[in-house]
Amino acid sequence: MNSTWHVLGAGSLGGLWATRLFRAGLPVRLVLRSTNRLAEYQVAGGLKLVEQGVSRIYRVPAELADATEPITRLLVACKAYDAEAAIAEVAPRLSTGSEILLLQNGLGSQQAIAARWPESRCVFVSSTEGAFRQASFDIVHAGQGHNWLGEAGQGEPPPWLAELEAANIPYSWTHAVMSKLWRKLAINCAINPLTVLHDCRNGDLLAYREQVHRLCNELSELLVACNQGGAADGLEAEVLRIIEATANNYSSMHQDVKSGRRTEISYLLGQACQAAHEQGLEVPELSGLLQQIQAFLRGRGLPED
Ligand code: NAP
């Protein structure tokens, strides 16, 4: 009998994972944050997933954190700033040797969680899939991508990877998940804050190429200092390639700010600056950018962390 996938956070990415696992016939339960959200979910009648313009509702069972069934596998799909507190609510239900899969972007939240629940096996996921919520429990699968799963150490692939295969969730097990997370963080630091400050689409950053160049230089030095030299290889070229390939898109941070939502800046640029500080590395471009974006967020009445 397969273990139940408890999915904590039924937003964009949580919904995308939960629906695919559920329709593959695997046991899935959503863990919602409040009785109000549970009532809204019941009214919605399930999770709607839109793929290539076709929408379908999946009646994935849902519950609250204080349900009683023990949790052996927890997929955490909250934002980085919510993840630790959300796990704390279900922590009494985690069984010995439970697994916690962390879908958060950036770095910092995963390490805090792994340190707080050392009895659980924490699997970090770096995802390039794209999904957004057009309404509560109504999710659009917007971009094909991949999921790299791995542990901070050199863990062996778990047997349930076959369930991802069955659910058509694209994945690879890697011993270099930290490198993947650092690389994605660095790319984000070079693109997203600038799109917010210049209020522009990704492609418009070609007009600020010199600043992008200086940021990529500092980020590469930082990655090397953090023993992540592999993640520094060809960084600037990839950043420019992404800027061109996604020229018409607004970055996720830009979209968050436009919609008045909290950003994950502390887990991205904030983490880069903190890591530089710990390494004794001067990063004036990154620090200046962090100060500017924090001031900008304050000015908009948004949290600066
Ligand atoms: P999202 O759409 O905002 O979903 C987050 C969900 O977490 C929301 O449904 C929220 O509940 C729920 N939540 C927060 N606290 C909770 C709690 N205590 N108990 C239960 N649920 C709780 O965010 P997302 O876009 O899926 O992003 C999740 C993470 O994946 C982020 O770190 C993001 O950077 C990363 N990521 C996202 C994508 C993407 O395409 N979306 C791609 C790659 C990586 P409510 O519905 O009640 O607000």
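Buried area is the accessible area that two parts lose on being put together, summed over both. In this predicted model, about 1400 Å² is buried in that sense between domain 1 and domain 2. The protein also holds a ligand, around which 27 residues are placed. The points below take the domains and then the ligand.

**Domains and their interface**

- The domain assignment divides the protein into domain 1, residues 5-175, and domain 2, residues 179-299.
- Taken over C-alpha atoms, the centres of domain 1 and domain 2 are 26 Å apart.
- Domain 1 gives 15 residues to the contact, and domain 2 gives 13 residues.
- Carbon and sulfur atoms give 61% of the area buried between the two domains.
- On the domain 1 side, the residues that lose the most area to domain 2 are Y81, N105 and L107, which together make up 50% of what that side buries.

- At G11, a backbone N or O atom lies 3.1 Å from an oxygen atom of the ligand.
- R33 places a polar side-chain atom 2.9 Å from an oxygen atom of the ligand.
- An N or O atom in the side chain of E89 is 3.3 Å from a nitrogen atom of the ligand.
- Of the 900 Å² of accessible area that the ligand has on its own, the protein covers 86%.

**Shell around the ligand**

- The elements that give two or more residues to the shell are α1 (12-23), β2 (28-32), α3 (80-90) and β9 (130-135).
- With four residues, α3 supplies the largest share of the shell.
- The closest of the surrounding residues are S12, L13, R37, R133 and E264.
- By class, the shell consists of eleven nonpolar, seven polar and nine charged residues.

Terms used: Residues numbered from 1 in each chain as written. Predicted model: local features only at pLDDT ≥ 70, side-chain atom pairs only at ≥ 80, totals over all residues. Heavy atoms only, no water. Near = heavy atom within 4 Å. Polar contact = N/O pair within 3.5 Å; in protein donor to acceptor, adjacent residues only side chain to side chain. Areas by Shrake-Rupley, 256 points an atom, 1.4 Å probe, with all protein chains shown as cover. Nonpolar A, V, L, I, M, F, W, Y, C, P; charged D, E, K, R; others polar. Domains from an automatic or database assignment. Contact = heavy atoms within 4.5 Å. Buried area = accessible area lost by both parts, 1.4 Å probe.
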